[in-house]
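Subject: Structure handover

Hello,

Here is the structure for you to look through. Please open it first, then read my notes below.

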Amino acid sequence: MAKLAVLTVLLALFGSVSCQSSYGGSPTPTPNTPPPSIPSPPSSPPAATGLRVGYYNDKCPGAEAIVRDAVRVADAGVKAGLIRLFFHDCFVRGCDASVLLKPTDGNPQPEMLGIPNLTLRGFEVIDAAKSALESRCPGIVSCADIVAFAARDASYYLFSTTSSGGIVDFKMPAGRYDGTASLASETLPNLPPPFATAQRLKDMFAAKGLDAVDMVALSGAHSVGRAHCSSFSDRLVAPSSTSSSNDTASAMDPAFAAKLKGECASSSSSTNTVAQDYRTPDALDNQYYVNVLSRKALFGSDAALLGSDDTARLVHAAAASQWMWQVKFAEAMVKMGGVEVKTAADGEIRKTCGFVNMP
Ligand code: HEM
């Protein structure tokens, strides 16, 4: 009964799941309190992907639990890294673990050496899960599925550190095969840069079959993890008197920019990184949207979400309700997991995630 009531409320607020304007309608300033329980979002990806929930139940029982155990022991920063790893995998050649392939004589420049991927982390968690899975059921579980499960599990654990949100423990369909190609040169054209405008972001997500609702929901991942100062240093300079009104509107809050400048200059921060969310750095929560609205988000691409009416409405809606955003985030993660997946016809199940199988 409780679930039904929650679903009714959700449908009334969002309209149909696929209807963009419903999520983007006038934000209702609902309190940030969770419902009695949160329904798992629809867990089937677009039918064309052929992925299925519980894919390993008979092929390798306990496979998903093995991945969850490997993720559980990782620290919060690495968990954030695993969510980003999934995004970077799926946006370049689809969700096929091509991001995990290491340089070899035959392919000295794989994706992981592309500029946007140099700061990825979490590879060791994927390797630990893969090695446990190979001992249990050799040659069965793909690295691409491990990346997808690990991102889902990292989200689950980081959701659980939110103070006011419920926890969406969503199901991730599986059955992906691993790719055999990986090129650094394909990273920049496919992964949006931190200075992208709203239109460029929309175009780059649309190229992967993801709409503005998915894009804004997924951007909430910037409520966890860290960023290198070089990724946003261009925004620490106050707009000059000759700047356009657009530049001024999308500029960072000046006091916040000054604080970041100090943190970035501090010799104690040897890695030269700052928390992406200054308020709740280890909680996957809707604080990100509050930060965007108060101009305290790091990247130009975060600020750009206010640069078009539809995405701005979505930001307001997500800022207004933690649990509604979490449900949307879960849905979008599942949808992203269906991008250009490989099958037995054009992929393989790698023995080691860093290398393609020997012929
Ligand atoms: C909308 C376009 C996006 C842009 C332009 C973007 C850009 C960036 C940049 C520049 C960083 C910091 C890298 C560094 O300096 O070390 C970063 C970090 C991060 N991004 Fe995104 N991102 C986008 C979307 C996403 C999506 C869709 C996700 C996942 C669903 C995501 C998850 C993360 C996470 C978790 C981190 C922190 C990683 C860590 O701490 O290791 N991002 N992103």
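**The ligand and its pocket**

The ligand takes up the space of the largest pocket. The search runs on a 1 Å grid over the protein atoms alone: a pocket is an open set of points with protein on both sides within 12 Å along at least five of seven lines. A molecule sits in a pocket if more than half of its atoms lie within 2 Å of its grid points.

Two notes on reading this. This is a predicted model, where local features need pLDDT of at least 70, side-chain atom pairs count only at pLDDT 80 or more, and totals for chains, interfaces and linings use all residues. Residues are numbered from 1 along each chain as its sequence is written, and side-chain values use heavy atoms, with hydrogens and water left out.

**Around the ligand**

The shell around the ligand has 13 nonpolar, 9 polar and 3 charged residues. Ala, Val, Leu, Ile, Met, Phe, Trp, Tyr, Cys and Pro count as nonpolar; Asp, Glu, Lys and Arg count as charged; the others, Gly among them, count as polar. Of the 25 residues around the ligand, the nearest are Arg121, His222, Arg226, His228 and Ser231. To be near, a residue needs a heavy atom within 4 Å of the molecule.

Which elements supply at least two residues each of this shell? They are helix 4 (76-91), helix 8 (198-206), helix 9 (212-219) and strand 1 (226-228). Helix 4 gives the most, with 5 residues. Helices (H or I, at least four residues) and strands (E, at least two) are DSSP runs, numbered from the N terminus.

Now the iron atom of the ligand. Its single donor from the protein is His222, through NE2, 2.1 Å away. Donors are N, O and S atoms within 2.8 Å of the metal (3.2 Å for Na, K and Ca); water is not among the atoms, so sites may look incomplete. Histidine 222 sits in the loop between helix 9 and strand 1.

In serine 231, a side-chain N or O atom is 2.6 Å from a ligand oxygen. For histidine 228, a polar side-chain atom lies 2.7 Å from a ligand oxygen. For threonine 119, the distance from a polar side-chain atom to a ligand oxygen is 3.5 Å. A polar contact is a pair of N or O atoms within 3.5 Å; within protein, one must be able to donate a hydrogen and the other to accept it, and residues adjacent in sequence count only if both atoms are side-chain atoms.

Arginine 226 also has a protein partner. Its side chain makes a polar contact with the side chain of threonine 273, at 2.7 Å. Threonine 273 is in strand 2 (residues 273-275). Threonine 273 counts as buried because its relative accessible area is 9%. Buried means under 20% relative accessible area, exposed over 50%, and partly exposed in between (1.4 Å probe, protein chains only).

**Helix 9**

Is helix 9 largely enclosed or open? 8 of its 8 residues are buried, so helix 9 is largely enclosed by the rest of the structure. Among the buried residues are Asp214 and Ser219. Aspartate 211 caps the N-terminal end of helix 9, with a side-chain oxygen 3.0 Å from the backbone nitrogen of valine 213.

**Two positive phi angles**

Most residues other than glycine have a negative phi. Arginine 295 has a positive phi, near 60°. Arginine 295 lies in the loop between helix 12 (287-293) and helix 13 (300-303), and is partly exposed at 32% relative accessibility. Glutamate 340 has a positive phi too, near 40°. Glutamate 340 is in the segment after helix 15, and is partly exposed at 42%.

Lysine 351 and serine 142 are 209 residues apart in sequence, yet their C-alpha atoms are 8.5 Å apart. Lysine 351 lies in the segment after helix 15 (322-336) and is exposed, at 57% relative accessibility. Proline 103 and glycine 354 are 251 residues apart along the chain, with C-alpha atoms separated by 8.7 Å. Proline 103 is in the loop between helix 4 and helix 5.

Best wishes

Methods
1 Å grid on protein atoms, 1.4 Å probe; cavity = no way out; pocket = protein on both sides within 12 Å on 5 of 7 lines; lining within 4 Å.
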